[in-house]
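Here is a short briefing on one structure. Look at the overall build first, then at the contacts.

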Amino acid sequence: MTIEKFVECFAELKVINKGTQLDREVTGPYCCDLLSIAMSKMPQGAAWVTVMANVNTLAVATLAEAACIILAEGATLDTDALDKAKEKGVTVLGTHLPVFETALLVYNRINE
Amino acid sequence: MNDKIILKYKVDCDDFTRAGEASSSVKRKLKLMGFDPEIIRKVAISLYEGEINMVIHSYGGTIEVIISPDEIEMILVDKGPGIENIELAMQAGYSTAPDKIRSLGFGAGMGLPNMKKYSDDLNIESIVGVGTTLRIRVYVPIEE
């Protein structure tokens, strides 16, 4: 599923920033809040579910080539992070759902 | 590609908005040069951890990346408090980062261990009260 389609098919997820490279594939969900682990273990093309919502999250998503970031538990980007998301063209979505439920939703929808 | 390519970056202390710029830039250049994705991943992870450490702990410094066909060498030089006990700092889980840093998703004591894990050679020289120099190498296997 492309990022473009992914963003469209989740009414549960609010679009915080629509990035560039929307034709890339979303491979599956990945969950982790500790950035050192996320950076080294996240698969390319992941929909990264996290509650970390600062500039470092954007840097790690870019380096690890995540397809998008999904901020769970109602986490929101601060101004610096939103600017960074726009600058880097990273797609960021948000939800009030907890991390596990968000990842499960993504997993089920991708594998439908 | 026979010549070495040298890239230089400046890192400011506490500037999280730019942390990761050097690793992103190096990653892009290595991709363009056609390096193996696994090599690029090792370089990006090690360098990003190094950059973050400089932002968190030092008063600022420089990064020099030397790209050769058979290895990528990263030299990170900072002015700062230095590392009192390198052996302890290398232990996974040991951290001197303040709570503010932990709330940003770092400070779990994984920076240096990650650098060691994802590089082929890591050399640390540090003088307390002066600064720290890291030399990180990632080897590129030459295909016959």
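Two residues are in contact if their C-beta atoms, placed from the backbone, lie within 7 Å. By that rule, the contact takes 19 residues from chain B and 17 residues from chain A. This is a predicted model: local features need pLDDT of at least 70, side-chain atom pairs count only at pLDDT 80 or more, and totals for chains, interfaces and linings use all residues. Residues are numbered from 1 along each chain as its sequence is written, while chains are lettered from A and ligands numbered from 1 in the order in which they are written.

**Side of chain B that touches chain A**
- H1, H2 and helix H5 (111–118) of chain B each give two or more residues to this side; helices are DSSP runs of H or I with at least four residues, and strands are E runs of at least two, numbered from the N terminus.
- H2(B) supplies the largest share, four residues.
- By class, this side has ten nonpolar, seven polar and two charged residues (nonpolar: Ala, Val, Leu, Ile, Met, Phe, Trp, Tyr, Cys and Pro; charged: Asp, Glu, Lys and Arg; polar: the others, Gly among them).

**Helix pair in chain B**
- Residues of H1(B), including B:Val26 and B:Leu30, meet residues of H2(B), including B:Val43 and B:Leu47.
- The contact of H1(B) with H2(B) has eight nonpolar, one polar and three charged residues.

**Chain A**
- Chain A has five helices and five strands.
- Their pattern along the sequence is α-β-β-α-β-α-β-α-β-α.
- The C-alpha trace of chain A spans about 35 × 25 × 25 Å along its principal axes.
- Of contacts in chain A between residues at least 6 apart in sequence, 51% join residues at least 24 apart.
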